[in-house]
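Colleague: Could you walk me through reading the inside of a protein model? I would like the general idea, then the case at hand.

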Amino acid sequence: MTAIRRYASSEEAPVGLGAHIEGPASGAASGPGAGQQPSSGTRQTHSRRRPFLSRLLAAGEAIDAGDRERARALVEGILRAEPDTGDASERISGVFGRALLARLDGDRSGDGNLYLRSAGPRDMLAAFQLLVHATPLIRFGYLSANAAIVEAFQGEDEVHVIDIGVGGGTQWPFLLHRLASRPGGPPRVRLTGIDLPCRGPDPEQRLRWAGAFIGGWAERLNVPFEFHGVASSVERVDWARIAARSAAPIAVNAAFALHHVPDASVHPTANRDTILTRIRALSPRVLTLVEPDVEHNALQFLPRLSEAIGHYYAVFQALEALLPPHIAARETIEQVFFGQEVMNVVVGEGGARVERHERRGAWQRRLRMNGFEPLRVSPHEPLVRGGLRLNQGFDVRADEPAILLMRNGVSIVAASAWRPRQVPPPSRFISGLFRRAG
């Protein structure tokens, strides 16, 4: 779901406010994730329930064992048998089959030619809008994070939100609407949007478009607003400089973004633990985290493949239930947005693998290790549930310190809120010891 944020170019087609309002009417590594394995019996469960999953896993095993002849026969058989216009199992088989073929052919970059046809910017935008309007996969994260931000800034006259991976800015009309209806009037909102530079002569172009898009909504909703864009990878951000621009209390938002930062097993210094430490130094009022609830970081190839098949099959089943069957936008969502992620998870190794999701338990251990403590999110469950059209097996469930988007009992996305750990004052006994020692 990370690629989706990047493709939401706001300048091409503004989104209607009705689509952005919360409410009942609105549409071998180290670190915390090391050694985490799929639930026991994953392979057997796949085999009993879905034969196509067994075929994919058998092909993966042959690749891992170096049996290239058998692996190629299995992969080519999968691709012949599974049309991209079939049901969820057939379409997901095509996506994984092409990724396995790329790995078999030695393309370890994760950038193999996955797609049946190219998709232009307008196709990307149309697909993104369909995903936002017709499914809860993106809006769940928006609503969950915004609920925590609103709670953290109750009564404040000014707020400073730092958004890691701002994309087209589509999260923020939700927040502006909430703030516009606040008793006593909205606060002044300063938004710092961080995103990768655009290729070409104008690296900040996409950030300007995002700022104009969000600023247009702020003007319509009468919310005092200021936008500042930072065209940089998150690893190279000057956090102190960002914080110095405003004396307002800070919220840091990381929705589908931090898993792109490697862990210490890949990069010893520019890693997600370092980033969390730098964010903690800002003393933010709240850090909101939204991530797919799946492990693609510390696992070796075969267990990672099994995890990926289970996760993306659940996503494809949801898309099959919620979206019209034979439209170009759905194909773009599946074959480009999620297909690109699958390709990188299956093929990419080392620094080439940027889709390094972690399950919520690993993120929670990582955040605690880096000096954060969780904020309660269960009070937000009714608001988030009310802002989504939950059907087709979807549900929202609080599992402190996370709130989960579930489908048929499987957690797909997890959202949580954190703050720097509050160090308790020393006890009288300890203080007395120090006084006597002095």
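**Cavities and cores**

Modeller: A cavity is a set of points on a 1 Å grid over the protein atoms alone where a 1.4 Å probe fits but cannot get out, and lining residues have an atom within 4 Å of a point. Grid points are joined across faces, edges and corners, and the volume is the space filled by probe spheres set on the points. This is a predicted model, in which local features need pLDDT of at least 70 and side-chain atom pairs count only at pLDDT 80 or more, while totals for chains, interfaces and linings use all residues. Residues are numbered from 1 along each chain as its sequence is written, and side-chain values use heavy atoms, with hydrogens and water left out.

Colleague: Why roll a probe at all?

Modeller: Rolling a probe the size of a water molecule over the atoms shows where empty space is left. Here, Ser144, Ala145, Ala148, Thr288, Val377, His380, Ile403, Ala415, Ser416 and Ala417 line the second largest cavity. Helix H7 (139-152) and S9 are the elements that each give two or more residues to that lining; helices (H or I, at least four residues) and strands (E, at least two) are DSSP runs, numbered from the N terminus.

Colleague: What lines the largest cavity?

Modeller: Its lining includes Leu289, Glu291, Arg360, Trp363, Ala415 and Ser416, and about 60 Å³ of space lies inside. Strand S5 (286-292), helix H14 (360-369) and strand S9 (410-420) give two or more residues each.

Colleague: How should I read a nonpolar core?

Modeller: In soluble globular proteins, nonpolar side chains tend to be buried together. A nonpolar core is a set of buried Ala, Val, Leu, Ile, Met, Phe, Trp, Tyr and Cys residues joined through side-chain atoms within 4.5 Å, where buried means under 20% relative accessible area (1.4 Å probe, protein chains only). The largest core here has 91 residues, and Phe96, Leu100, Phe140, Leu176, Ile333 and Val346 have the most contacts inside it. Helix H12 (residues 301-322) supplies the largest share of this core, 11 residues.

Colleague: Which residues does Leucine 176 touch?

Modeller: Contact means heavy atoms within 4.5 Å. Not counting residues up to four places away in sequence, Leucine 176 touches Val189, Ile214, Trp217, Ala218, Leu221, Val223 and Phe225.

Colleague: Is asparagine 370 buried or exposed?

Modeller: Asparagine 370 is buried, with a relative accessible area of 11%.

Key:
1 Å grid on protein atoms, 1.4 Å probe; cavity = no way out; pocket = protein on both sides within 12 Å on 5 of 7 lines; lining within 4 Å. Buried < 20%, exposed > 50% of the residue type's maximum accessible area, 1.4 Å probe, protein only.
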